[in-house]
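This report describes selected features of one protein, moving from a helix pair to single residues and their surroundings. The reader may wish to keep the sequence and the coordinates at hand while following the text.

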Amino acid sequence: MLSPLHAQASYKQVSEALFTALPKPPRELDLSQDEVSLSVTCHNTQSLVDAALRLQQDHRAGHTQHKLNFRCGIHALSTASQPQPAELSMARRLAASAELGGLCLSPQAVDRLEQPWRLGLHDRGRRPDGAGKEIHVFSLEPDMSTPFHAQDSDFGAVLAVLPPDLGAHSPRLLAMADLVADTLILALSRSSQLRVVSARSSQGLRHSRQALADAFEHLRAHHVLQCRGSVGVGDQLFLQLSLHDRQAGPQAPPMWQDRIECKLEDLLYGEAFALQAACTDVHRLLLHASLSVSKTGVWSSLENYQIFSAATQLMHKLSPGCLQQSGQMLSWLIQHQPQAAEPLAWLAFWHLLKGVQGLEPLDEAAAQMGSLARAALDLDKGHALAHTLLGHALAMQGAQLSLALQHHQQALQHNPSFALAWSFQALAQIYSDQTREACESARLGLALSPLDPWQYFLEAALAHALLAHQQYAEALKHAQLSLRLCASHAPTLLYVAVAQVRLGQQAQAQSTMQSLRQLWPQTTVSSFRARYWGREAAHAEDFAEALAQAGMPLK
């Protein structure tokens, strides 16, 4: 035990070290809580996490005067300069839930991180807070950062389009940059020979100081299309595009570059033909083949596109109320821009997320998905997301799986680089007992969006496919990766339990089953046999027997 004098000295040392580690001006206040705890507020969550990690590393390496184990808890504040008592209390509860020397974050803090995939986030679910209650906690395991899967040689050339840099970070300019990126990615994704990394993953590099190198390393791209530019009078965009090759390295000169101009109005109405012509040049250079140019989506104003972009980002936030707000924004867009297919398709996806999270009965979610996806297809017969969601809704409703597969295939005909369509197709192939094909589809879906905000689902889809194909060890690895990203996804726990039984890990399987029963208390082996969408497939009975061995009640 430390004497009071030593305790005060160590406390002061930790306080000064943490405060000093924060960059200026993001840090705001240094608040003493009591003789054994302190609080520091900061405008930037990522900076606070980085400072806490550096402080932990210094203590572990013995660079501080007193060897002191401590716990850190990080929570997002409404205002950094005016923390509320309830917010400070939550930070204290998060710290109490951490292990000695550990760092825990609230879901709200995770939502504020700029590059969460670098940190090795682990969803711990609900944990005791030291005061007899439970809170949702994320821990940091820097040695277990988000895994990146090597590309299969059969996937072909992989291209990543970095978020454009228009010289500033105002909401309006960021929306313009996203619109440019969407136009480039959609045009290039129409190629059946080129694999284009999902925008949902490339956006993860927006705040990277070495985005080009990160795209080669973390997105596993063979080629990277970079865009810089500015916005002039009358919303005229002046853009410089450059194409870079992984073999040459991030410091080498680009293999192709071009300067183009386009108007914001042309981007909104899907008529930025100069950008699309540049995409044709890139495609011809990489594959020596032409690329058809066609009109992209239509938006009546940049403000409507900003609302749409914000709604799709809120959809994957962890903070309470974000999902509901996202649905309200999409519903508003459907009313105010009835000719646009995008809000309809994404509201269909919103209902899927509600069903997956237990916020809406699955049969109701499936009905809403199907209705909204059909409405989107009435406006745009080639809408890839609408096609794949309609296919998944049909599978959920017990329709013929061949019909579901047709819609997934139509989605991939229109956008061969659509990661979610590959993963949803994998599920339909699993239920149809096409397990080898399902493994290939699921791997490609994961490869096309390695930093996807829904990565836990992509990992779970691959685990499911591998499990059905009797690749139990690899299935367990991917299921556990999925579980680390989302502890409350009950199907993933089911896959873990089945894999553990088949690998002879009986004690672990029984423990996993206890966690599964907390989420699905009414599920029995009998109800699984009746409700599993692939119940006619050969692997369904293997799953049921393994669940019984893991301890799931028979009836």
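How are α5 and α10 oriented to each other, roughly parallel or roughly perpendicular? The model is a predicted one, and in it the axes of helix α5 (residues 171-189) and α10 come within 10 Å and cross at roughly 80°. Because angles of 65 to 115 degrees count as roughly perpendicular, α5 and α10 are roughly perpendicular to each other. On the side of α5 the contact is made by Pro 171, Arg 172, Ala 175, Met 176, Asp 178, Leu 179 and Asp 182, and on the side of α10 by Leu 302, Glu 303, Tyr 305, Gln 306, Ser 309 and Gln 313. Sorted by class, this contact of α5 with α10 has 6 nonpolar, 3 polar and 4 charged residues.

Ser 301 belongs to the loop between α9 (273-287) and α10 (302-314). A polar atom of the Ser 301 side chain lies 3.1 Å from the backbone nitrogen of Asn 304. Ser 301 has a relative accessible area of 19% and is therefore buried, since buried means under 20%.

**The protein as a whole**

The protein has 23 helices and 11 strands, and buried residues make up 54% of its 555 residues. Among contacts between residues at least 6 apart in sequence, 62% join residues at least 24 apart.

**Helix α18 and what follows**

His 464 has its place in α18, and with a relative accessible area of 1% it is buried. Leaving out residues up to four places away in sequence, His 464 touches Leu 427, Ile 430, Tyr 431, Tyr 495, Tyr 532 and Phe 543.

The loop between α18 and α19 holds Gln 470, which counts as exposed because its relative accessibility is 53%. Although Gln 470 is not a glycine, it has a positive phi of about 65°, and this value occurs just after α18. Most residues other than glycine have a negative phi.

Helix α19 (residues 472-485) contains Leu 485, which at 27% relative accessibility counts as partly exposed. Apart from neighbours within four places in sequence, Leu 485 is in contact with Asp 123, Gln 455 and Tyr 456. The C-alpha atoms of Leu 485 and Tyr 456 are separated by 5.6 Å, although these residues are 29 residues apart along the chain.

**A further positive phi**

Asp 235 is placed in the loop between β9 (223-231) and β10 (236-245). The phi of Asp 235 is near 55°, a positive value in a residue other than glycine, and at 23% relative accessibility Asp 235 counts as partly exposed.

The table below lists the accessibility of the residues discussed individually.

| Residue | Relative accessibility | Class |
|---|---|---|
| His 464 | 1% | buried |
| Ser 301 | 19% | buried |
| Asp 235 | 23% | partly exposed |
| Leu 485 | 27% | partly exposed |
| Gln 470 | 53% | exposed |

Note on methods. Residues numbered from 1 in each chain as written. Predicted model: local features only at pLDDT ≥ 70, side-chain atom pairs only at ≥ 80, totals over all residues. Heavy atoms only, no water. Helix = DSSP H or I, 4+ residues; strand = E, 2+ residues; numbered from the N terminus. Buried < 20%, exposed > 50% of the residue type's maximum accessible area, 1.4 Å probe, protein only. Polar contact = N/O pair within 3.5 Å; in protein donor to acceptor, adjacent residues only side chain to side chain. Axes fitted to C-alpha atoms, helices over the stretch in contact; angles between N-to-C directions. Parallel < 35°, antiparallel > 145°, perpendicular 65-115°, else oblique. Contact = heavy atoms within 4.5 Å. Nonpolar A, V, L, I, M, F, W, Y, C, P; charged D, E, K, R; others polar.
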